[in-house]
Amino acid sequence: MGKKLSEMSLEELWQLFPVFLTGHRDCWVDWYAEEEAALKKILPQDGLVRISHIGSTSVAGIWAKPIIDILVEVVPGFEFARIREILTGNGYICMSSKEGRMSFNKGYTENGFAKKVYHLHLRYAGDNDELYFRDYMIDHPEVAGEYERMKIRLWKKYEHDRDGYTNAKNSFVSQYTKAAKELYGNCYDN
């Protein structure tokens with residue numbers, strides 16, 4: 001029997017879980033909807049503000065890592081520890097935690113990716129730049145196509161370096177998030 005995920009180095013994890021892209025799949029919308037419904041059943045309603053499908057799987061027609069990104073926004077000051085306990089008790093693994101942000105994964109196994117894989121981003125309401133970027137990509141297919149081409153170029157270079165892959169996209173994402181905020185105003189403020 002191999003190592004447990006918690007015993008693996010970052011390099012071993014990147015080998016087991018490489019960056020890979022695939023053409024858009026219609027099932028991603030359904031996978032998100034199923035997980036959103038499950039989350040609404042288990043998360044405390046007194047703190048929940050919004051659950052959103054983010055990331056490239058939420059933008060029809062572009063290639064993406066087949067991982068469903070979910071943004072969960074809660075009331076500012078709400079106890080993250082309470083939500084962490086609920087999520088880890090329901091199949092999520094806490095991957096990172098810092099002030100006002102937590103990141104969780106589901107669908108990572110000692111044998112690689114499960115059929116359905118999720119990244120859940122827990123934030124306080126208003127910490128939601130991903131919503132602006134998502135909407136800009138949906139509303140501007142030519143820019144989404146540019147983003148897709150850039151991701152495909154970066155794929156093999158950073159296949160076993162998830163942080164490098166993400167960092168290489170940062171300036172593009174920042175540029176269009178800023179453009180989205182100028183275009184849409186404060187539509188996601190609470």
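**Figure 1. F133 and Y147 are both buried.** Buried means under 20% relative accessible area, exposed over 50% and partly exposed in between, with a 1.4 Å probe and protein chains only. The model is predicted: local features need pLDDT of at least 70 and side-chain atom pairs count only at pLDDT 80 or more, whereas totals for chains, interfaces and linings use all residues. Residues are numbered from 1 along each chain as its sequence is written, and side-chain values use heavy atoms, with hydrogens and water left out. The structure holds 12 aromatic pairs. The ring centres of F133 and Y147 are 5.1 Å apart and the planes stand at 80°, so this pair is edge-to-face. It links distant parts of the chain, with F133 in helix α4 and Y147 in helix α5 (residues 141-157), 14 residues apart. Rings of Phe, Tyr and Trp (its six-membered ring) pair if their centres lie within 6.5 Å; planes under 30 degrees apart count as stacked, over 60 as edge-to-face and the rest as tilted. Through ring pairs, F133, Y136, Y147, F172 and Y176 are linked into a cluster. Helices (H or I, at least four residues) and strands (E, at least two) are DSSP runs, numbered from the N terminus.

**Figure 2. The charged end of K181 sits over the ring of Y132.** Its distance from the ring centre is 5.5 Å. A charge sits over a ring if NZ of Lys or CZ of Arg is within 6 Å of the ring centre and within 35 degrees of the ring normal.

**Figure 3. Five strands form an open sheet in the order β1-β2-β5-β4-β3, with mixed pairing.** Two strands pair if DSSP finds at least two bridges between them. β1 and β3 (93-98) stand at the edges with a single partner strand each, so one side of each has no neighbour in the sheet. From one strand to the next, the twist averages 20°. Of the 7 residues of β1 (residues 48-54), 5 are buried, so this strand is largely enclosed by the rest of the structure. β1 runs antiparallel to β2 (residues 68-74), joined by 6 bridges, and I54 stands opposite D69 in β2. β2 and β5 pair in the parallel sense over 7 bridges; the bridge partner of I70 in β5 is L120. Helix α4 packs on the sheet, touching β1, β2 and β5, and its direction makes about 40° with that of β1. Contact means heavy atoms within 4.5 Å. Axes are lines fitted to C-alpha atoms, for helices over the stretch in contact, and angles run from 0 to 180 degrees between N-to-C directions.

**Figure 4. N128 lies in the loop between β5 (112-124) and α4 (129-139).** N128 has 1% relative accessibility and therefore counts as buried. Its side chain makes a polar contact with the side chain of E73, at 3.0 Å. A polar contact is a pair of N or O atoms within 3.5 Å; within protein, one must be able to donate a hydrogen and the other to accept it, and residues adjacent in sequence count only if both atoms are side-chain atoms. Not counting residues up to four places away in sequence, N128 touches R50, L71, E73 and Y188. G126 lies in the loop between β5 and α4 and is partly exposed, with a relative accessible area of 38%.

**Figure 5. F17 lies in the loop between α1 (10-16) and α2 (27-42).** At 4% relative accessibility, F17 counts as buried. Neighbours within four places in sequence aside, F17 is in contact with L5, Y108, T109, G112, F113 and R162.
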